[in-house]
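I opened this notebook to keep track of what I looked up.

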Amino acid sequence: MSNPPETPDDAASAVATDGALSYRQIRLLKRAGLGLAIALVLAVVLFPILWMFHTSLRPQSQIFIESVPLVPEVISLVHYRTLLFETEFPQFYANSIVVSLGVVSLTVVLSTLGGYGLARLDFRFKRKFARLVLFGYMFPAILLSIPMFIIWTEINLTNNLFGLVLAETALSLPFSLWLMWQFFQTVPRSLEESARTAGATRFQAFKDVAIPLAKPGMIAVALFSYAVSWNEYTIPKVLMSDRSKWPLTVGLFTLSEGQRVFWGQIMAASIMIVLPAFVFVIVLRKYLLEGFRTGL
Amino acid sequence: MATDTQTEDQSLRERRLRYRNSLYEFLSRRRVMAAFTILPALLLFVFITLGPIVWAVAAGFYEIPVFVPTWEFVWFDNYVELLTEETFWMTVWRSVVFAGGSTAFQLVVGTGIALLVNRQFRFSNVVQAVVILPYMIPTAVLGFMALWIGNAQWGVLNGVLIELGLLDNPFSWFGNHSTAMLSVILTSSWKFTIFVTIMVLARLQSIPQDHYEAARVAGASSYQVFRDITLPNLKNVIFIVILLRGVWMFNKFDIVYVLTGGGPGDATRTAPIYAYELGFGLTRLGKAAAMSTLLFVFLVAVALVYFRVLEPAEGVRTE
């Protein structure tokens, strides 16, 4: 504490260590290294996405050519137009929206209620229940989808969007429940208690105090369950044989028939599939990280 | 007349208020509250998660014809058939290779990226947001994207490699027996590395800043700061990530199926691919259920380690 090793920047840059690099040069080198590393990461992350976009803008005549210019010479929206007006794509989009809305609402409502109950009410087997929930989080889709197919066939829920919503909720509910449970424990009990001394009933304290405070957690859960349901491929692939009920992820495969693969349209479709997710992540990144922080 | 309706209005309003209050009283009872908060989630959980698991275990003992409603009880036949055939063990081994390789890769690169983008620099917020994007890409899209970029004839990857002189002729990365597994591992890692990044980043951002300041004041070097503050804080999350990613990659179906369908030959035919083939290609649903049960045993084993070692607290640490 007596002698903090602090050297003013200007002084440091003036000192040249004998023969070696000066502090200023070392600092510049470090910064260049950091910049380079970040540029590399960004390139690996962004290039495939940009190339997808690039392909989607090329007209059919420009798709299969020997050397593709990095900046497209001809920009065309023909693939987007074909997708929207000549394929079943709008139907797939609508199915995906319905399923996601279903999964998100079901997950947010049930995990908020359940999380509150678990955090505020004491009952037996709570510890066991906690483990069961976390165990559910580890469950991969393929292990659930095979027995689900057998059960869903028995009770006529295959080829049914509601059946699909239920099935996909199995993937988002455990972690969301766990997350809200943890989240409500970070909300001080005393806030609800003071509402109750002011004359509110227990339910009112829950409704008017706890729920509004839980909003960030609910946003994190909504984002998580949206990502799960919008991106899920295995469960709809197994449960939905009826083409008109397919979500986007399964419907995408209608654009490649045997040897004919409509790359331009596939890339255009892909861009349209990922766009909403990108917007949500960029706007709500804070909640996403917050959610994972509270959750595990 | 006017006063009449007014008093009527008022009494109506009072009655409504009384109703509402008694409803709130009712909802506030402990049992009622438990019923409407915990019960719905619990019931659904039982129906859509525990139900299928129990069903899978049970169905493994039957021969299930697809279009006939009668199941035939065959004792352990499905299990014996699986455990004595080479195909089963080969697919499990490929799953181990796939899970081991991709988990190791994702852990190292994902943690590295998290440490990198967690630093303060200009536009660090933007960079953090961009880096998360791959995790939001659906597997089906990722599959087509990789197949297009790695396409033997028209793929930009081959184009660049030939341009750089690293490759003489276009190469079919996913269509070649020797490179298919590696290509699938790298492709899936493009997306799932980001899961590690998100988890580690979330943890990093919750380390109190004054710990770092205290270490600096005490004269610690950057390496010492990393070793004594960052690493101990990350230990738990790294362990969780290894377990979760290990389980998930071992049971990963979609990306492998989309990229290669298990091929070429059986180069990438992992255990979940085999389970799917059994159920929906060969319509041996009973055997597929038995296969799911066996994969499920692996999950249970990992989960037990998770609970034994980590003892995830249901009480949250408010630090």
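**Entry 1: a surface patch.** I started on the surface, where L21(A), Y23(A), I26(A) and L29(A) form a nonpolar patch. Together these residues have about 370 Å² of accessible area. I note here that the model is predicted.

Y23(A) belongs to helix α2 of chain A, which spans residues 23-57. Is Y23(A) exposed or only partly exposed? Its relative accessibility is 42%, and exposed would require over 50% while buried would require under 20%. Y23(A) therefore counts as partly exposed.

**Entry 2: the second largest pocket.** I looked up the volume next, and the second largest pocket holds about 890 Å³ of space. Its lining has 30 residues, and those closest to the centre are V44(A), P48(A), L186(B), T187(B) and W190(B).

Which helices supply at least two residues each to this lining? From chain A I noted α2, the helix that also holds Y23(A). From chain B I noted α4 (86-117), α6 (139-149), α7 (156-163) and α8 (180-204). Sorted by class, the lining of this pocket has 24 nonpolar residues, six polar ones and no charged ones.

**Entry 3: the largest cavity.** How many cavities of 30 Å³ or more does a search of the whole structure find? I wrote down three.

The largest cavity contains about 650 Å³ of space. I counted 28 residues in its lining, with V228(A), E232(A), Y135(B), F192(B) and K252(B) nearest the centre. In chain A, the helices giving at least two residues each are α6 (141-154), α10 (215-231) and α13 (263-295). In chain B they are α8 and α10 (222-250). The most comes from α10(A), with five residues. By class I have 19 nonpolar, four polar and five charged residues in this lining.

**Entry 4: the second largest cavity.** For the second largest cavity I noted about 50 Å³ of space. Chain A lines it with F139(A), L143(A) and P147(A), and chain B with I53(B), A56(B), S292(B), T293(B) and F296(B). Two or more residues each come from α6 of chain A and from α2 (30-59) and α13 (285-310) of chain B. Which helix gives the largest share of this lining? I found that α13(B) does, with three residues. The classes here are six nonpolar, two polar and no charged residues.

How values were computed: Residues numbered from 1 in each chain as written. Chains lettered and ligands numbered in written order. Predicted model: local features only at pLDDT ≥ 70, side-chain atom pairs only at ≥ 80, totals over all residues. Heavy atoms only, no water. Patch = residues over 30% accessible without salt bridge, like charges linked within 9 Å, V, L, I, M, F, W, Y side chains within 5 Å. Areas by Shrake-Rupley, 256 points an atom, 1.4 Å probe, with all protein chains shown as cover. Salt bridge = Lys/Arg side-chain N within 4 Å of Asp/Glu carboxyl O. Helix = DSSP H or I, 4+ residues; strand = E, 2+ residues; numbered from the N terminus. Buried < 20%, exposed > 50% of the residue type's maximum accessible area, 1.4 Å probe, protein only. 1 Å grid on protein atoms, 1.4 Å probe; cavity = no way out; pocket = protein on both sides within 12 Å on 5 of 7 lines; lining within 4 Å. Points joined across faces, edges and corners; volume = space filled by probe spheres on them. Nonpolar A, V, L, I, M, F, W, Y, C, P; charged D, E, K, R; others polar.
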